[in-house]
Amino acid sequence: MTDLLSRMPLEIVRDLGWTLLHFLWQGLVLAALLNAVLPLCRGAVARHNWALGTLALMALAPVATFLFLHDFGGSGGVVFQARDAADVLAPASVFLPWIGWPVVLWLAGVAALSLRALGGWYVAGQLAQRDTMAPTADLLQRCQLLQRRLAVSAPVRFLLSRRVNVLVVIGWLRPVILIPVSALAGLPPQQLDAL
């Protein structure tokens, strides 16, 4: 920990630590507000929008807190114009020796989850490249007909795969739909269309 922290400026470690600690209560307040609002929402769209808005606020709260706490002017602490604001947030300018541990744990968590996401992205990309084959002309025609009926105008590749047991869609910009080979055996056309 000391090696990682020694490479970071002390002010950034301090402000990241306080940002993480402040997010504990900020996240709880936002979750409590969402919990109070959701029972009042009548429709699924309203609940979805409130939940999505709360997630966006949870993503923005630490950024805003860090920008509020960190002094980009280089004077070494939080600078406020109003005297009472400085009194309220005075602990933000104090460096506690243990504040580096939450920062290191948070950075380790970000690195681990980023590696996990990159690994999943790589594995998904490999699914579309290994043990795949082009569908038969009849199946490809059925897939393209369904694509038109669903009004999907983006180009979509259809492939048969031995590695998947269920229908899989990989990609967003250049989507690939993997159709399991096992699903083709003995399925009537109506069930295949439902897939």
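Colleague: What does Asp131 count as, going by its relative accessibility?

Modeller: Asp131 counts as partly exposed, because its relative accessibility is 42%. The scale: buried is under 20% relative accessible area, exposed is over 50%, and partly exposed lies in between (1.4 Å probe, protein chains only). This is a predicted model: local features need pLDDT of at least 70, side-chain atom pairs count only at pLDDT 80 or more, and totals for chains, interfaces and linings use all residues. Residues are numbered from 1 along each chain as its sequence is written, and side-chain values use heavy atoms, with hydrogens and water left out.

Colleague: Where is the place of Asp131?

Modeller: Asp131 sits in the loop between α5 and β1 (132-133). Its backbone deserves a look too. Asp131 is not a glycine, yet its phi is positive, about 55°. Ala151 is another non-glycine residue with a positive phi, near 60°. The loop between α6 and β2 holds Ala151. Ala151 is exposed, because its relative accessible area is 66%.

Colleague: How many helices and strands does the protein chain have?

Modeller: Eight helices and four strands. Both are DSSP runs numbered from the N terminus: helices are H or I over at least four residues, strands are E over at least two. Read from the N terminus, the order is α-α-α-α-α-β-α-β-β-β-α-α. The protein chain has 195 residues, and 26% of them are buried.

Colleague: How do I read two packed helices?

Modeller: Two numbers describe such a pair: the angle between the axes and the distance between the axes. Here, take α2 (residues 10-37) and α5 (residues 100-127). Their axes are 8 Å apart, and the packing angle is about 80°. That makes α2 roughly perpendicular to α5. Axes are lines fitted to C-alpha atoms, for helices over the stretch in contact, and angles run from 0 to 180 degrees between N-to-C directions. Under 35 degrees is roughly parallel, over 145 roughly antiparallel, 65 to 115 roughly perpendicular, and the rest oblique.

Colleague: Which residues in α2 and α5 meet?

Modeller: From α2, Val13, Leu16, Gly17 and Leu20; from α5, Gly100, Pro102, Val103 and Trp106. Contact means heavy atoms within 4.5 Å. The residues of the α2 contact with α5 divide into six nonpolar, two polar and no charged. Val13 and Gly100 are 87 residues apart along the chain, with their C-alpha atoms separated by 6.3 Å. Val13 is buried, because its relative accessible area is 2%.

Colleague: And polar contacts?

Modeller: Look for a pair of N or O atoms within 3.5 Å; within protein, one must be able to donate a hydrogen and the other to accept it, and residues adjacent in sequence count only if both atoms are side-chain atoms. Start with Asp15, which is found in helix α2. Its side chain makes a polar contact with the side chain of His70 at 2.6 Å. The side chain of Arg14 also contacts that of Asp15, at 2.9 Å. Asp15 counts as buried because its relative accessibility is 0%. Arg14 counts as buried because its own is 6%.

Colleague: Which side chain is joined to that of Gln26 by a polar contact?

Modeller: That of Thr65, at 2.9 Å. Gln26 is another α2 residue. Beyond neighbours within four places in sequence, Gln26 is in contact with Ala61, Pro62 and Thr65.

Colleague: Which residues make up the largest nonpolar core?

Modeller: Seven residues: Leu139, Cys143, Val156, Phe158, Leu160, Ile177 and Ile179. A nonpolar core is a set of buried Ala, Val, Leu, Ile, Met, Phe, Trp, Tyr and Cys residues joined through side-chain atoms within 4.5 Å. At least two residues of this core come from each of α6 (137-149), β2 (157-161) and β4 (176-180). Another core, of six residues, lies apart from it; Ala128, Leu159, Val164 and Leu178 are among its members.

Colleague: Where is Val164 found?

Modeller: In the loop between β2 and β3 (168-170). Val164 counts as buried because its relative accessibility is 7%. Leaving aside neighbours within four places in sequence, Val164 touches Leu127, Leu178 and Pro180. Val164 and Leu127 are 37 residues apart in sequence, and 8.1 Å apart C-alpha to C-alpha.

Conventions. Ala, Val, Leu, Ile, Met, Phe, Trp, Tyr, Cys and Pro count as nonpolar, Asp, Glu, Lys and Arg as charged, and the others, Gly among them, as polar.
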